[in-house]
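Here is a short briefing on one protein model. Read it alongside the sequence and the 3D view.

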Amino acid sequence: MSVLELLPAVDVTGGQAVRLSGGSVDCGSWGSPLDVARSFYEAGARWVHLVDLDLAFGRGDNAELLARVISDVPVAVELSGGITSRAAIEAGLEMGPARVNIATQALRNIDAVCEAIECFGERVAVCLDVRGDRLAARGGDGEGANVWGVLRLLNEVGVARLVVTDVMRDGQMNGSNLELVARIAGSTNARVIASGGINSLADIEALRGLDIEGAIVGKALYRGAFTLADAMVVAGHEER
């Protein structure tokens, strides 16, 4: 069984680390994103999933602060939130993360996303925020395209990595949509990162059994459902 890479999430709005439930920010703050990211590093994380919620929802950005997290915390960073254009990709990469995630909203212009994949390769991943069989961009409105048709086009241009989120489970701690993740993983040669709903060590073990690359873990860590150290063991990191 392969090792599952865990990416603890640091979602940032107004300069503070917060958590989401169904696309809305929970009450309260978890404090400094720098401190939160550093705590994950100290607990053994090799990656952090760093999200600029303000950029994603069109209400400004936290670019300076996120750049500090990237430069000051010795983990690989997957940068996400509001990356919907070539200019946004380039700006994100200039901040120094290991890669940036192209937002689901960008898939409305599939040709531009395909061009970005061909240009940036491994430096970009594509987010597939899904409700049923349709794309459902968080922060957007209306129903999106059929996910399987979009996936076919992404496969044709050799997308390197997909971040798959069931938006109905995101931040709800009601378990991963294993069926969706498995179906997408079986329909692409891209590496797959699962997101949304993880609530237990058993959930992490089940995702590992799907032989995908990784999983983003958020609220379950903040709420103390399990520790990152225990999750890393279940994900197979002791076996390296």
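Ala-137 counts as buried, at 16% relative accessibility. Buried means under 20% relative accessible area, exposed over 50%, and partly exposed in between (1.4 Å probe, protein chains only). This is a predicted model: local features need pLDDT of at least 70, side-chain atom pairs count only at pLDDT 80 or more, and totals for chains, interfaces and linings use all residues. Residues are numbered from 1 along each chain as its sequence is written, and side-chain values use heavy atoms, with hydrogens and water left out.

**Around Ala-137**

- Ala-137 sits in the loop between β9 (134–135) and α6 (147–156). Helices (H or I, at least four residues) and strands (E, at least two) are DSSP runs, numbered from the N terminus.
- Leaving aside neighbours within four places in sequence, Ala-137 contacts Thr-104, Gln-105 and Asp-129. Contact means heavy atoms within 4.5 Å.
- Cys-127 is ten residues from Ala-137 along the chain, and their C-alpha atoms are separated by 9.0 Å.

**Overall fold**

- The protein has ten helices and twelve strands.
- Its radius of gyration is 16 Å, close to the 18 Å that the globule rule gives for 240 residues, so the protein is as compact as a globular protein of that length. The radius is taken over C-alpha atoms, and the rule is 2.2 Å times the number of residues to the power 0.38.
- The C-alpha trace spans about 40 × 40 × 30 Å along its principal axes.
- Of the 240 residues, 52% are buried.
- Among contacts between residues at least 6 apart in sequence, 67% join residues at least 24 apart.
- The accessible surface comes to about 10100 Å², and carbon and sulfur atoms account for 47% of it. Areas come from the Shrake-Rupley method with a 1.4 Å probe; for residues, only the protein chains shown count as cover.

**Aromatic rings and charges**

- The structure holds one aromatic pair. Phe-40 and Tyr-222 form this edge-to-face pair, at 5.9 Å centre to centre with 90 degrees between the planes.
- Rings of Phe, Tyr and Trp (its six-membered ring) pair if their centres lie within 6.5 Å; planes under 30 degrees apart count as stacked, over 60 as edge-to-face and the rest as tilted.
- Phe-40 lies in helix α1 (residues 33–42) and Tyr-222 in helix α9 (residues 219–222), so the pair ties together parts that are 182 residues apart in sequence.
- Both partners are buried: Phe-40 has a relative accessible area of 8%, and Tyr-222 has 13%.
- The charged end of Arg-99 sits over the ring of Trp-47, 4.2 Å from its centre.
- Arg-183 places its charged end over the ring of Trp-148, 3.9 Å from the ring centre. A charge sits over a ring if NZ of Lys or CZ of Arg is within 6 Å of the ring centre and within 35 degrees of the ring normal.

**Cysteines**

- How many disulfides does a search of the whole structure find? It finds zero. A disulfide is a pair of cysteine sulfur atoms within 2.5 Å.
- Cys-114 is buried at 10% relative accessibility, whereas Cys-119 is partly exposed at 44%.

- Ser-2 is in the segment before β1 (5–13). Ser-2 is partly exposed, at 29% relative accessibility.
- His-237 is 235 residues from Ser-2 along the chain, yet their C-alpha atoms are separated by 9.6 Å.
- Not counting residues up to four places away in sequence, Ser-2 touches Arg-208, Asp-211, Ile-212 and Ala-235.
- Asp-211 is found in the loop between α8 (201–209) and β12 (214–217). Asp-211 is exposed, with a relative accessible area of 56%.
- Most residues other than glycine have a negative phi. Asp-211 has a positive phi of about 60 degrees although it is not a glycine.

**Thr-13**

- Thr-13 belongs to strand β1. Its relative accessible area is 16%, which makes Thr-13 buried.
- Beyond residues up to four places away in sequence, Thr-13 touches Val-18, Leu-53, Asp-54, Arg-59 and Asn-62.
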